[in-house]
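User: I'd like to talk through this model's side-chain interactions with you. Can we start with the rings and charges?

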Amino acid sequence: MIITDYWMPEMTGYELLKKVKGSSKLREIPVVIMSSENVPTRINRCLEEGAEDFLLKPVQPSDVSRLCSRVLR
């Protein structure tokens with residue numbers, strides 16, 4: 001699983017998601033994006049492009065537990 005912030009120095013989490021999902025070798029790896037900004041259009045776009053989940057910061061332990069039980073089965 002890849003857990004990434006939306007805002008990074010060289011690219012956004014969305015751009016990373018597109019690269020992972022566009023790669024035949026990497027596309028099966030679940031990608032989770034997180035951000036402190038609650039922007040519904042951004043969240044929906046990431047989920048539509050294949051993100052496993054989009055977490056809002058601060059991430060809570062219950063978020064991580066839910067995510068792990070669902071993704072890492």
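Analyst: Arg 42 sits over the face of Tyr 6, at 4.5 Å from the ring centre. Please keep in mind throughout that this is a predicted model.

User: Which residue lies over the face of Tyr 14?

Analyst: That is Arg 45, which is placed 3.9 Å from the ring centre of Tyr 14.

User: And how many aromatic pairs does a search of the whole structure find?

Analyst: The search of the whole structure returns 1 aromatic pair. Its members are Tyr 6 and Trp 7, arranged edge-to-face, with 5.0 Å from centre to centre and 85° between the planes.

User: Is Tyr 6 buried or exposed? And what about Trp 7?

Analyst: Tyr 6 counts as buried because its relative accessibility is 4%, whereas Trp 7 is partly exposed, having a relative accessible area of 47%.

User: What does Met 11 touch, leaving out residues up to four places away in sequence?

Analyst: With those sequence neighbours left out, Met 11 touches Tyr 6, Leu 16 and Lys 19. Met 11 itself is found in the loop between strand 1 and helix 1, the latter covering residues 13–21, and at 23% relative accessibility Met 11 counts as partly exposed.

User: Switching to annotation, what does UniProt list for Asp 5?

Analyst: The UniProt record, an unreviewed entry, lists Asp 5 under "modified residue: 4-aspartylphosphate". In the model, Asp 5 lies in strand 1 and is partly exposed, with a relative accessible area of 22%.

User: Which residues is Asp 5 in contact with, beyond its neighbours within four places in sequence?

Analyst: Leaving those neighbours aside, Asp 5 is in contact with Gly 13, Ile 33, Met 34, Ser 35 and Lys 57. With Lys 57 there is also a salt bridge, in which the closest N and O atoms are 2.5 Å apart.

User: Where do Asp 5 and Lys 57 lie along the chain?

Analyst: Asp 5 belongs to strand 1 (residues 2–5), while Lys 57 is in the loop between strand 3 (53–56) and helix 3 (61–71), so the pair ties together parts that are 52 residues apart in sequence. Lys 57 is partly exposed, with a relative accessible area of 33%.

User: How many salt bridges does the structure hold?

Analyst: The structure holds 6 salt bridges. One of them joins Asp 53 to Arg 66, where the closest N and O atoms are 2.9 Å apart. That pair links distant parts of the chain, since Asp 53 is in strand 3 and Arg 66 in helix 3, 13 residues apart.

User: New topic: how many disulfides turn up in a search of the whole structure?

Analyst: The search finds 0 disulfides. Cys 46 is in none, and the nearest cysteine sulfur to it, that of Cys 68, is 19 Å away.

User: Last one: where does UniProt place the "domain: Response regulatory" feature?

Analyst: The record, again an unreviewed entry, places that feature at residues 1–72. Over residues 1–72 the model's chain is 40% helix and 18% strand, and the end C-alpha atoms are 8 Å apart.

How values were computed:
Residues numbered from 1 in each chain as written. Predicted model: local features only at pLDDT ≥ 70, side-chain atom pairs only at ≥ 80, totals over all residues. Heavy atoms only, no water. Phe/Tyr/Trp six-rings, centres within 6.5 Å; stacked < 30°, edge-to-face > 60°. Buried < 20%, exposed > 50% of the residue type's maximum accessible area, 1.4 Å probe, protein only. Lys NZ or Arg CZ within 6 Å of the ring centre and 35° of its normal. UniProt positions renumbered as here; feature names shortened; annotations may be inferred. Helix = DSSP H or I, 4+ residues; strand = E, 2+ residues; numbered from the N terminus. Disulfide = S-S within 2.5 Å. Salt bridge = Lys/Arg side-chain N within 4 Å of Asp/Glu carboxyl O. Contact = heavy atoms within 4.5 Å.
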